[in-house]
Amino acid sequence: MDERDRTGESMTQQDGEPQAECVSEVELRNPSGLHTRPAATFVDRASKFRAEVLLLKDGREANGKSILDLLALGAEKGAHLTLITRGPDAAAAAEALRGMLETGFDET
Amino acid sequence: MKLADFLFPGAFVPQLQSDDKEGLIRELVEALVRAKKVPRGNVTAVVDALLERERLGSTGIGKGIAVPHAKHRSVKEVVGTVGLSPQGVDFAALDGELVYVFFLLVSSPNDAAGHLAALELIAETLKHETFCRFLRQCRTQQELVELLEEADQGRYTL
């Protein structure tokens with residue numbers, strides 16, 4: 001079973017392969033919200049990881065590797081998001097993607 | 001917000017003729033002018049703004065869909081239209097595929113929230129695969145109007 005630890009990383013066994021899961025709460029920093037360009041940048045980065053990437057906002061869930069899904073969140077600046085990564089490189093994915101959301105995609 | 005709040009049937013183009021990015025964007029902006037949503041005198045400036053945005057990265061977001069958009073002071077709130085290219089256009093989409101469905105938006109420079117909300121609604125609707133399939137099958141303005149009305153009535157809510 002999936003044991004979710006909301007404060008960080010947890011390990012579960014699935015089909016014999018260790019599955020790490022990272023959950024982090026992040027605040028979206030970029031001034032104009034998660035619009036098309038940052039969504040595309042996020043997906044590009046997320047897709048480089050094997051881990052499954054989910055972004056949650058107000059109970060709505062988006063596949064972090066789908067631009068359409070991310071745009072459908074309509075996340076504005078200051079939105080509180082939950083980032084979940086799940087898979088062999090979950091920790092690295094969480095670190096990289098959390099960094100993007102929190103630094104505002106270098107948008108000015 | 002509903003799709004009908006910012007997508008104007010008078011500007012729908014069910015069968016786009018252009019086969020390149022610039023022509024296609026111009027065709028959709030001209031349609032917004034005919035629907036009196038963009039002033040005639042601003043066509044060139046709006047087209048340029050849209051092309052400038054494309055240079056930052058294609059708005060062809062994959063799965064045959066593009067959302068060309070730009071800010072321009074000639075509009076007070078977000079205005080947009082829908083165009084279909086039955087044969088598909090090379091829009092330098094992020095997944096390398098041809099684009100068949102275009103949702104073009106022009107928003108006010110002071111209204112980032114309006115733009116984001118319009119995009120959210122479009123994306124939410126396009127996530128519905130049945131809606132996408134029906135959309136690609138539309139060939140007339142009337143068919144587009146009816147499909148988007150159904151979407152506004154919640155028929156394609158996930």
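**Figure 1. Secondary structure of chain A.** Chain A of the predicted model contains 3 helices and 5 strands. Along the sequence these elements follow the order β-β-α-β-β-α-β-α. Of the 108 residues in chain A, 38% are buried. Among contacts in chain A with a separation of 6 or more, 65% join residues 24 or more positions apart.

**Figure 2. The contact between chains A and B.** Chain A contributes 13 residues to the contact, and chain B contributes 18 residues. On the side of chain A that touches chain B, the elements giving two or more residues are α1 (36–46) and α2 (67–71) of chain A. The largest share of that side comes from α2(A), with 4 residues. Sorted by class, the side of chain A that touches chain B consists of 5 nonpolar, 5 polar and 3 charged residues.

**Figure 3. Helix α1 of chain B and its buried side.** Helix α1 of chain B runs over residues 21–34 and has 14 residues. The distance from its first C-alpha to its last is 20 Å, close to the 20 Å expected at 1.5 Å a residue. The buried residues in α1(B) are Lys21(B), Leu24(B), Ile25(B), Leu28(B), Val29(B), Ala31(B) and Leu32(B). These residues lie on the same side of α1(B) because they cover an arc of only 150 degrees around the axis. They pack against three elements of chain B, namely α2 (43–55), β4 (79–89) and β5 (99–107). Just after α1(B), Lys36(B) has a positive phi of about 65 degrees.

**Figure 4. Leu28(B) and the largest nonpolar core.** In soluble globular proteins, nonpolar side chains tend to be buried together. The largest nonpolar core of this model has 78 residues. Leu70(A) and Leu28(B) are the residues with the most contacts inside this core. Leu28(B) is one of the buried residues of α1(B). Apart from neighbours within four places in sequence, the contacts of Leu28(B) are Val13(B), Thr81(B), Gly83(B), Phe102(B) and Leu104(B).

**Figure 5. Helix α3 of chain B.** This helix covers residues 112–126 of chain B, and its end C-alpha atoms are 21 Å apart. That distance agrees with the 21 Å that its 15 residues should span at 1.5 Å a residue. Because 12 of the 15 residues are buried, α3(B) is largely enclosed by the rest of the structure. The buried residues in α3(B) include Gly114(B), His115(B), Leu116(B), Ala118(B), Leu119(B) and Glu120(B). Also buried in α3(B) are Leu121(B), Ile122(B), Ala123(B), Glu124(B), Thr125(B) and Leu126(B).

Figure 6. Most residues other than glycine have a negative phi. Asp58(A), a residue other than glycine, has a positive phi near 50 degrees. Asp58(A) sits in the loop between β3 (52–57) and β4 (60–63) of chain A. It counts as exposed because it has 10 C-beta neighbours inside 10 Å, and the cut-off for exposed is 12 or fewer. In chain B, Ala92(B) has a positive phi near 55 degrees. The loop that holds Ala92(B) is the one between β4 and β5 of chain B. Ala92(B) has 14 C-beta neighbours inside 10 Å and therefore counts as partly exposed.

Notes. Residues numbered from 1 in each chain as written. Chains lettered and ligands numbered in written order. Predicted model: local features only at pLDDT ≥ 70, side-chain atom pairs only at ≥ 80, totals over all residues. Expected span 1.5 Å × (residues − 1). Buried ≥ 20, exposed ≤ 12 C-beta atoms within 10 Å, placed from the backbone. Arc of directions from axis to C-beta. Contact = placed C-beta atoms within 7 Å. Nonpolar A, V, L, I, M, F, W, Y, C, P; charged D, E, K, R; others polar. Core = buried A, V, L, I, M, F, W, Y, C linked by C-beta atoms within 7 Å.
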